[in-house]
Amino acid sequence: MFVKNATWALMQPVAGTQHRVLHTLQTTEFRVPMGFNTPVNADNWLSGGPLAVRRSILAVLASLILPTQASGTLISHCGRGRTFWKAMKSLHCSEDRQAFKDRAGRWSPDLIDAVEFS
């Protein structure tokens, strides 16, 4: 559930731009390809999307789950833990913030602590 919810949150559009949240929170090792604009409303968008986009998403998720020592080069310039989540939320419109809060409300307390979700 975490992967699905966090991927959804990363793929939301940033208001007033042609970018998605992932563009801002990507890692330097696995960047979003230039010109990326996959419609995330399609049911199979992730499986049909470019491999580079999937790598970029997984790198961000790995940086949130893995210990700092194991994810050193995968960490977004927005950091990890509370700093990362705050940056993500600031990029979401109010409806997306609420939808993500509702989704995260179904995560286990152990997961919430492990990824320092706030």
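Reply: Happy to! The crossing of α1 and α4 is right-handed (the near helix is turned clockwise from the far one by less than a right angle; helices are DSSP runs of H or I, at least four residues, numbered from the N terminus).

Me: Which residues make the contact of α1 and α4?

Reply: Phe2, Val3, Ala6, Thr7 and Leu10 of α1 meet Ile57, Val60, Leu61, Leu64 and Ile65 of α4, where contact means heavy atoms within 4.5 Å.

Me: And what's the angle between α1 and α4?

Reply: They pack at about 120°, with axes 10 Å apart; the axes are lines fitted to C-alpha atoms over the stretch in contact, and angles run from 0 to 180 degrees between N-to-C directions.

Me: Before we go on, what should I know about the model?

Reply: It's predicted: local features need pLDDT of at least 70 and side-chain atom pairs 80 or more, while totals for chains, interfaces and linings use all residues. Residues are numbered from 1 along each chain as its sequence is written, and side-chain values use heavy atoms, leaving out hydrogens and water.

Me: New topic: where is His92?

Reply: His92 sits in the loop between α6 and α7.

Me: Is His92 buried or exposed?

Reply: His92 counts as buried because its relative accessibility is 3% (buried is under 20% relative accessible area, with a 1.4 Å probe and protein chains only).

Me: What does His92 touch?

Reply: Leaving aside neighbours within four places in sequence, His92 contacts Ala9, Gln12, Val21 and Arg97.

Terms used: Helix = DSSP H or I, 4+ residues; strand = E, 2+ residues; numbered from the N terminus. Buried < 20%, exposed > 50% of the residue type's maximum accessible area, 1.4 Å probe, protein only.
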